[in-house]
Amino acid sequence: HHEPRLDCTFLSVGHGLAVVVRLPSGQTMLYDAGRFGPPAAGAQSIAACLWSQGTPHLDAVVLSHADADHYNTLPELLKRFSVGVVYVSPVMFEDDGRALLALRDAIRAADVPIREIHAGDRLQAGDDCRIEVLHPPRRGVLGSDNANSITLVIEYRNRRLLLPGDLESPGLNDVMAEEPLDCDLLLAPHHGSNRSNPAGLAAWCTPEWVVISGSQNSRSRYEATEAAYRRADARVLHTGEAGAVRATIDSTGLSVRGFLQDKAGRKE
């Protein structure tokens, strides 16, 4: 009989992304599921987190875009967990490369429906929580897969988390052309790449916390990105150093903690 809360865990999977979102309703959503390198190790990390939470079933999986380091562990996860639905962008399967065909075949073999989502859609999240799709538009945008990354905003108890995948221009420019969206926590797009305009994005969404999902070996390449977010008064955690990062929203506010790093904070 615990009070309702939202837990968002950014797993440490090396250069890749996997975010486990436990909703106040009790539903579980996985945002992306991939990493560079053998996918079995990444699948094991994700599975361990889900098992530790007593989660045998994923209500939804959102795959932000068609880069393998964001989806390549899903076929293995489908062997271990039941999944309600896989959400993709309207342009996810436009490329008929072998890896994407194998992904689609694995989802279909598991008898999981694939549904397209785009800007303006909302995902089921219970009565008190909202998950809105900010990007991409129905027809996508010209540019790379990254520019068409599914961008979600999750809102609960007047706190907002922004998950933009590998979003970069021109898609990033389209998002920032809208009214500024104040968020409490931002997932740094594209693993902290400077191509995702950290200074401009920080000015647009004014995050208190920024999480960078990447490997320890790559961290030095993104020191300028971290510095840009810190200049905007955001606290930055990198999964390559902090381990898994968990953000929790409950009646007391937002708390953020790295699994390995002794850094934590709470916004009342």
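Author: Two strands count as paired if DSSP finds at least two bridges between them. Strand E11 (residues 151-156) and strand E12 (residues 159-163) are joined by five bridges. The two run antiparallel. Tyr156 has Arg159 in E12 as its bridge partner. Note that this is a predicted model.

Now the whole sheet. It is open and has seven strands. Their order is E9-E10-E11-E12-E13-E14-E15, with mixed pairing. Strand E9 (122-123) and strand E15 (235-238) form the edges, each pairing on one side only.

Helix H6 (residues 223-231) lies across strand E13 (185-187), strand E14 (209-212) and E15. Its angle to E15 is about 150°.

Next, the loops. Most residues other than glycine have a negative phi, and most peptide bonds are trans. The His135 to Pro136 bond is cis, with omega near 5°. Pro136 sits in the loop between strand E10 (129-135) and E11. The bond from Ser169 to Pro170 is also cis, again with omega near 5°. Pro170 belongs to the loop between E12 and helix H4 (171-176).

Asp233 is not a glycine, yet its phi is positive, about 70°. Asp233 lies in the loop between H6 and E15. Is this residue buried or exposed? The cut-off for exposed is over 50% relative accessible area. Asp233 has 68% relative accessibility, so it counts as exposed.

Technical notes:
Residues numbered from 1 in each chain as written. Predicted model: local features only at pLDDT ≥ 70, side-chain atom pairs only at ≥ 80, totals over all residues. Heavy atoms only, no water. Helix = DSSP H or I, 4+ residues; strand = E, 2+ residues; numbered from the N terminus. Contact = heavy atoms within 4.5 Å. Axes fitted to C-alpha atoms, helices over the stretch in contact; angles between N-to-C directions. Buried < 20%, exposed > 50% of the residue type's maximum accessible area, 1.4 Å probe, protein only.
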